[in-house]
Amino acid sequence: MSVLKRLLRRRERGSAVVEFIVLGVLMTLPVFYLVVALARLQAGTYAVAAASREAGRTYVTASSESEGAARAQVAGRMAFQDQGFEQGTVSVSCDASPCLTRDALVRTRAVVEVRLPLVPDLLAGVLPTSVTVSADHTERVDRFGAAR
């Protein structure tokens with residue numbers, strides 16, 4: 001009996017380490033993926049928040065609507081690129097006509113498509129491969145500024 005126990009102990013020697021490593025990897029990989037995916041989504045939210053805010057601020061300080069639209073697009077693009085996004089859209093809407101009327105409200109909306117990491121495009125019909133993130137910002141044109 002004692003010989004059999006010794007043989008069994010020898011056969012299991014080192015197997016606990018292998019089991020621990022395999023289980024550790026299997027449990028760590030989903031957590032790692034979740035952290036990477038949430039970090040990317042957080043970067044997307046930072047990008048759209050900054051893009052909408054800066055687009056609104058640059059628009060209301062412009063001297064004309066065409067200059068304001070161009071400045072808003074550039075500010076939005078810079079905010080997207082700052083967080084590592086190459087594509088994103090910024091739209092501007094106004095409650096007054098012309099937009100840069102004193103004390104008028106200018107609303108900006110930024111949208112970016114955040115691709116989920118490690119999800120191939122061939123699974124697009126089965127799984128969501130991206131998440132759309134958007135942010136809105138409202139800025140007021142200076143009440144005492146020069147007429148534009």
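Let's start with Glu113. At 42% relative accessibility, Glu113 counts as partly exposed. Buried means under 20% relative accessible area, exposed means over 50%, and partly exposed lies in between, with a 1.4 Å probe and protein chains only. Glu113 sits in strand 2, residues 105-115. Helices here are DSSP runs of H or I with at least four residues, strands are runs of E with at least two, and both are numbered from the N terminus.

A word on the model. It is predicted, so local features need pLDDT of at least 70 and side-chain atom pairs count only at pLDDT 80 or more, while totals for chains, interfaces and linings use all residues. Residues are numbered from 1 along each chain as its sequence is written, and side-chain values use heavy atoms, with hydrogens and water left out.

Back to Glu113. Which residues does Glu113 touch, not counting those up to four places away in sequence? They are Phe85, Ser130, Val131 and Thr132. Contact means heavy atoms within 4.5 Å. Glu113 and Thr89 are 24 residues apart along the chain, and their C-alpha atoms are separated by 9.5 Å.

Now the helices. Two packed helices are described by the angle between their axes and the distance between the axes. Take helix 2, residues 15-60, and helix 3, residues 65-82. Their axes come within 8 Å and cross at roughly 155°. That makes helix 2 roughly antiparallel to helix 3. Axes are lines fitted to C-alpha atoms, for helices over the stretch in contact, and angles run from 0 to 180 degrees between N-to-C directions. Under 35 degrees counts as roughly parallel, over 145 as roughly antiparallel, 65 to 115 as roughly perpendicular, and the rest as oblique.

What about the hand? The crossing of helix 2 and helix 3 is right-handed. A crossing is right-handed if the near helix is turned clockwise from the far one by less than a right angle, and left-handed if anticlockwise.

Who meets whom? On the helix 2 side, the residues include Ala47, Ala51, Ala55 and Tyr59. On the helix 3 side, they include Gly68, Ala72, Gly76 and Phe80. The residues of this contact divide into 11 nonpolar, three polar and three charged. Ala, Val, Leu, Ile, Met, Phe, Trp, Tyr, Cys and Pro count as nonpolar, Asp, Glu, Lys and Arg as charged, and the others, Gly among them, as polar.

Find Ala62 next. Ala62 is in the loop between helix 2 and helix 3. Is Ala62 buried or exposed? Ala62 is buried, with a relative accessible area of 0%.

Arg77 lies in helix 3. At 46% relative accessibility, Arg77 counts as partly exposed. From Arg77 to Ala124 is 47 residues along the chain, and 27 Å between C-alpha atoms.

On to the cysteines. How many disulfides are there? The count comes to one. A disulfide is a pair of cysteine sulfur atoms within 2.5 Å. Cys94 and Cys99 form it, with sulfur atoms 1.8 Å apart. The torsion about their S-S bond is about 100°, so the disulfide is right-handed. Cys94 is partly exposed at 24% relative accessible area, while Cys99 is buried at 13%.

Now the backbone. Most residues other than glycine have a negative phi, and most peptide bonds are trans.

First, Ser97 to Pro98. That peptide bond is cis, with omega near 0°. Pro98 lies in the loop between strand 1, residues 89-94, and strand 2.

Next, Asp103. Asp103 has a positive phi, near 65°, and is not a glycine. Asp103 is also in the loop between strand 1 and strand 2. Asp103 is partly exposed, with a relative accessible area of 28%.

Then Leu118. Its phi is positive too, about 65°. Leu118 is in the loop between strand 2 and strand 3, residues 130-140. At 77% relative accessible area, Leu118 is exposed.

Last stop, Val141. Val141 lies in the segment after strand 3. Val141 is buried, with a relative accessible area of 2%. Where does Asp103 come back in? Val141 and Asp103 are 38 residues apart along the chain, and their C-alpha atoms are separated by 4.9 Å.
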